[in-house]
Amino acid sequence: MELRKYLPSGWKFSITSGGPLIMAPTQHDVELWLDKVSGFLVESANNLQGSIQIGWEGCRRPYRFTPALASVEGSEKLHPLSSETESEQIKTDEPLQNNSIIEVPELEIISEVLGFDGSSALLRMSDDLGLLSNTRTEVSSGLKANDWMKVKDHSHWWPDDELRNYKRRLLGDGQLKNYSYYARMITTGKLSLYTVTTRLVVYRGDLCRLVKTHSVVPVED
């Protein structure tokens, strides 16, 4: 199976009654890996017409990428990273939260980003590529919308583990309201405190985050 090609050295792959099972050494390893390949896993689950489980040594409730039939347009939408009780082979004392994606048609996603009264954008989770923004991105980045869209990777302005923690929380909860993090303004490099509301969506087959910025407060002169 093609999934095996994407596994780091030392990880285990097996087929269980619940579908493909990937086992990593630690939860931390899983979270770092998911930051890079979550979009591929969504696509793989869709192609398999079944769930893909991702756990780690000692866990009881692994992450799951599961395709689900949506009523809109009769097409298949996806609910990645829902955690449910799984095979008795997997044991842990660290339960995970249930997660879901709010299902909306792509045109509604576009309208929501463009119509927000503030800086709003859509970014791909796997590589932090900006896919869509409204005309107010200068508030949150210092860049006008056309220049913001030319940035290939928006991960470079996050200090320490801010981005990893943010994405881990979002993957776990599905949406975050009034979430605050530290990042740098693209044009000046100055550190600021951002407060946003964000949620996971599927846009053109990719797992993305729809971000609405409520405030940007500089913490450096």
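Q: At 14% relative accessibility, does Trp 158 count as buried or exposed?
A: This is a predicted model, in which local features need pLDDT of at least 70, side-chain atom pairs count only at pLDDT 80 or more, and totals for chains, interfaces and linings use all residues. Buried means under 20% relative accessible area, exposed over 50% and partly exposed in between, with a 1.4 Å probe and protein chains only. Because its relative accessibility is 14%, Trp 158 counts as buried.

Q: What kind of aromatic pair do Trp 158 and Tyr 181 form?
A: The whole structure contains 6 aromatic pairs. Trp 158 and Tyr 181 form one with 4.3 Å from centre to centre and 25° between the planes. Rings of Phe, Tyr and Trp (its six-membered ring) pair if their centres lie within 6.5 Å; planes under 30 degrees apart count as stacked, over 60 as edge-to-face and the rest as tilted. The pair of Trp 158 and Tyr 181 is therefore stacked.

Q: How many residues apart in sequence are the parts that Trp 158 and Tyr 181 tie together?
A: Trp 158 lies in the loop between α4 (145-148) and α5 (162-173), and Tyr 181 in strand β8 (residues 175-184). Helices (H or I, at least four residues) and strands (E, at least two) are DSSP runs, numbered from the N terminus.

Q: What is the angle between the ring planes of Tyr 181 and Tyr 194?
A: Tyr 181 counts as buried because its relative accessibility is 7%. The centres of its ring and that of Tyr 194 are 5.5 Å apart, and the pair is stacked because the planes stand at 10°.

Q: In which strand does Tyr 194 lie?
A: Tyr 181 lies in strand β8, so its pair with Tyr 194 ties together parts that are 13 residues apart in sequence. Tyr 194 is buried, at a relative accessible area of 5%. The element that holds Tyr 194 is strand β9.

Q: Which residue forms a salt bridge with Lys 212?
A: A salt bridge is a side-chain nitrogen of Lys or Arg within 4 Å of a carboxyl oxygen of Asp or Glu, and the whole structure has 9 of them. In the one made by Lys 212, the closest N and O atoms are 2.8 Å apart. Lys 212 is in strand β10 (residues 206-218) and its partner in helix α2 (residues 106-115), so the pair ties together parts that are 100 residues apart in sequence. That partner is Glu 112.

Q: At what distance does the side chain of Arg 199 make a polar contact with that of Glu 112?
A: Arg 199 is located in strand β9 (residues 191-203) and counts as buried, at 12% relative accessibility. A polar contact is a pair of N or O atoms within 3.5 Å; within protein, one must be able to donate a hydrogen and the other to accept it, and residues adjacent in sequence count only if both atoms are side-chain atoms. The contact between the side chains of Arg 199 and Glu 112 has a distance of 2.9 Å.

Q: About how many helical turns separate Asp 173 and Arg 169?
A: These two residues form a salt bridge, with 3.6 Å between the closest N and O atoms. Both are partly exposed, Asp 173 at 27% relative accessible area and Arg 169 at 41%. They are 4 residues apart in helix α5, so the separation is about one helical turn.

Q: How many residues line the largest cavity?
A: The largest cavity has a volume of about 310 Å³. Among the lining residues closest to its centre are Trp 158 and Tyr 181. On a 1 Å grid over the protein atoms alone, a cavity is a set of points where a 1.4 Å probe fits but cannot get out, lining residues have an atom within 4 Å of a point, and a volume is the space filled by probe spheres set on points joined across faces, edges and corners. The lining residues number 21.

Terms used. Residues are numbered from 1 along each chain as its sequence is written. Side-chain values use heavy atoms; hydrogens and water are left out. On a 1 Å grid over the protein atoms alone, a cavity is a set of points where a 1.4 Å probe fits but cannot get out, and a pocket is an open set with protein on both sides within 12 Å along at least five of seven lines; lining residues have an atom within 4 Å of a point.
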